[in-house]
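Reader: I am new to this structure. Please show me how to read its features, one at a time.

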Amino acid sequence: MLDLNALFAPRSIAVIGAGRERGSVGGEIFHNLLTHAFTGPVYPVNAKAKTVQSVRAYPSIKDVPDEVDLAVIVVPRDFVQGVVEDCGRKGVKALIVISAGFGETGGALQAKLLATVRKLGMRMVGPNCLGVLTTDPAVRMDASFAPTWPPQGRVSFSSQSGALGLAILDYAKELGIGVRNFVSVGNKADVSGNDLIEWWEADPETDVILLYLESFGNPQKFINLARRIAKEKPIVAVKSGRTAAGSRAASSHTGALAGEDSAVDALFAQTSVIRTDTIEELFDMSMLLANQPVPASNRLAIVTNAGGPGIMATDACESRGLVVTPLSEATMDKLRGFLPSEASVKNPVDMIVSASAESYGKAVRVLLEDPQVNSLLVIFVPPIITEAPAVAAAVREALATTPAAKEKTILACFLGTRGVPESLVTLQAGKVPSYAFPEAAAIALSRAVDYGKWKRLPEPVFPQFRVEKDRAAKAISGARDKAISSFWLDASGVREDG
Amino acid sequence: MPAASAKTADDAARLAKQFGVPVAVKLESRTLTHKTEVGGVKLNLKDDAAAQQAFYDIQNALKTLGKEQEMDGVVVQEMAPAGVETIVGVSLDPAFGHLLVYGLGGVAVEILKDVAWGIAPIADLDTDRMIGSVKGSKMLAGFRGAPPADVPALKDLMLRVSQLVCDFPEIEEMDLNPVRVLPVGKGAIAVDARIKLAGPKKPQSVAGAAAAC
């Protein structure tokens, strides 16, 4: 594993190319480091200015009087190589290279830069990235030009698209998802996505790993790492872009079947990385995983105050392999005890429109105590008489006072509610992920169920068969030498044509 | 499954006698992937005369298409017993390495695309996942009175293919199509196989092989 301490917990930072004015990239990064109160010193380096945003600036990294762990480089491309060499001589341990223009596919300039970085014993994020952020209170580093400081939390996120990554931080804040680290990986010349997931595997403060991927640098390594890491910490990924497999001319059935996405599909299925189709689903998923236990089974209960959404939720769940489980007689009796006779005590439990906040609290408690129920979806459609905040408070209270709640997976759907109204703040504080519509909740829950199922599987076995490898080798070389040949594969390996 | 190449109609007849009827006679060609489409597959031939005739029929069919130059001969093969027809194959991705495919659909597999993929090397659990995620795999459980198929043998075959391509990375593409999965305890047979090798020079095609597990 790479040592990324200087990247995620530097004691001091220099911003090389720190701008005097806000609005420039170098200006924003320096500003963000100060605004979010990085816990060590920040040194602006600017060849032309004596002062940057009220702080004394240095003409070169060599002129900084103290030790520097991390340098953020925001100079024009043609100066990067020289600046990096200076950083190496200065004893800088890690670099974040924001500067772009390195061919973005790994041309000669980037190769030279990487060789220098490695020779001088540094680690580099980028080039062509938008920065790194860590909310760790002992560090508090926003070495990016993200406009948003996300709430502190246990989700770490690597993004291959910088711009998208920054927009996502905004969204995370809106949903109340706590972030630990954010890295825009840029061209991944040195520090790769694989390095990051390995780092986060060992990081006790990271519970969930999120990836926005456009390409895989080393898929085989990713498979081996992800297979191991996902057993402990969920990895959720959204992948855009296409692999090259489909672009080749195919001369076999298999070749013709190999669609553009089949390799990526296989990779995710084989490692149980949770793949989502959209960024929105990526966050729906992390809300669930960051706050709730992985479901123990696919059996859930649904409680609602309106029939329609209950049916929608049931359909959405069952079409994804979840089971809206029959409730025990005892559970239904308890529900009958406080619900009107018009209510349905069968799963999905429809408490009808007159349901009070108190009924929600009672129903949640009763359903969680049913041993058949491993997950619970609480749906609330705001009618006139009952207030959403009161229902949210009752649900939260019920969860806090029901011991069974700890082992079960609870989701809420306060219909149509987005953003952070009071009821959702209450639910967030109670660690209940809330979705605007039942389908989103069903999708997230079903993916978590699949992940849980994979986690409970035994370790994979790669059997090694005793085969006649020599004869197979002979058949293959024979086929190459002759214009044509036939051979067979059989239980004992490969046998040449007679 | 005994099988061998025949360059002439008389050879085909001789092999049919040697293996015992019924036999299948199939076009052997380095260039033609889809044998059925060019009239290159004759099944269930009851005697050596029928095998001989099959050779001529295939030759004539290609002549009609103006493709007689593409015929290298035929493969004569003992008929495989009845079972569920699946495909197991390999494709080489430049970044991901060898991809294994499993699926159902026989000649329609390219339309139905009812397949699942794995990246070599695959583990035992991957064969479970691949088989489980293909809709048509329900046929393996026994369909319309058919006995349940030998799924362990199918998994074994998939794992062996994985080992083969790991041992021989020069394998670029491979079709075991169909792999006939026989009733429980009877195994799984690759009725037809094609392997494309990356050459030290130009990749060559090795056609008309069979496998049994």
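Author: Start with one residue in its surroundings. Leaving aside residues up to four places away in sequence, A:Leu95 touches A:Ala71, A:Ile73, A:Val84, A:Cys87, A:Val117, A:Met122 and A:Met124. Touching, or contact, means that the C-beta atoms of two residues, placed from the backbone, lie within 7 Å.

Reader: What kind of model is this, and how are its parts numbered?

Author: This is a predicted model; local features need pLDDT of at least 70, side-chain atom pairs count only at pLDDT 80 or more, and totals for chains, interfaces and linings use all residues. Residues are numbered from 1 along each chain as its sequence is written, while chains are lettered from A and ligands numbered from 1 in the order in which they are written.

Reader: How do I read a nonpolar core?

Author: In soluble globular proteins, nonpolar side chains tend to be buried together. A nonpolar core here is a set of buried Ala, Val, Leu, Ile, Met, Phe, Trp, Tyr and Cys residues joined through C-beta atoms within 7 Å. A residue is buried if 20 or more other C-beta atoms lie within 10 Å of its own, exposed if 12 or fewer, and partly exposed in between. The largest core has 201 residues, of which A:Val15, A:Val72 and A:Leu95 touch the most other members. Helix α16 (residues 438-455) of chain A gives this core its largest share, nine residues. A second, separate core has 22 residues, including B:Ala13, B:Val25, B:Ala51 and B:Ala54.

Reader: How many helices and strands does chain A have?

Author: Chain A has 17 helices and 21 strands. Both are DSSP runs, numbered from the N terminus: helices are H or I with at least four residues, strands are E with at least two. The C-alpha trace of chain A spans about 85 × 80 × 35 Å along its principal axes. Of its 498 residues, 52% are buried. Take the contacts in chain A between residues at least 6 apart in sequence: 71% of them join residues at least 24 apart.

Reader: How do I read the two sides of a helix?

Author: An α-helix has 3.6 residues a turn, so residues three or four places apart point the same way. Look at helix α2 (residues 48-65) of chain B, where B:Asp48, B:Ala51, B:Gln52, B:Ala54, B:Phe55, B:Ile58 and B:Leu62 are buried. Seen down the axis of α2(B), these buried residues fall within an arc of 155°, so they line one face of the helix. The arc is that of the directions from the helix axis to the C-beta atoms. On the other side of α2(B), B:Ala49, B:Tyr56, B:Asn60, B:Lys63 and B:Thr64 are exposed.

Reader: What covers the buried residues of α2(B)?

Author: The cover includes β1 (3-6), α1 (9-19), β2 (23-28), β3 (41-45) and β4 (73-78) of chain B.

Reader: How do I describe two packed helices?

Author: Two packed helices are described by the angle between their axes and the distance between the axes. For α1(B) and α2(B), the angle is about 145° and the axes are 8 Å apart. Axes are lines fitted to C-alpha atoms, for helices over the stretch in contact, and angles run from 0 to 180 degrees between N-to-C directions. Among the residues that meet are B:Ala13 and B:Ala16 in α1(B), and B:Ala51 and B:Phe55 in α2(B).

Reader: Which residues does B:Phe19 touch?

Author: B:Phe19 lies in helix α1 of chain B. Residues up to four places away in sequence aside, B:Phe19 touches B:Pro2, B:Val76 and B:Glu78. B:Phe19 counts as buried, with 20 C-beta neighbours inside 10 Å.

Reader: What should I look for in the backbone?

Author: Most residues other than glycine have a negative phi, and most peptide bonds are trans. A:Lys188 is not a glycine, yet its phi is positive, near 55°. A:Lys188 sits in the loop between β11 (179-184) and α6 (193-202) of chain A. A:Ser272, also not a glycine, has a positive phi of about 55°. A:Ser272 is buried, with 22 other C-beta atoms within 10 Å.

Reader: Where are cis peptide bonds found?

Author: One runs from A:Gly126 to A:Pro127, with omega near 0°. A:Pro127 is in the loop between β7 (123-125) and β8 (131-134) of chain A. Another cis bond joins B:Ala120 and B:Pro121, with omega about 0°. B:Pro121 lies in the loop between β7 (115-119) and α4 (124-132) of chain B.
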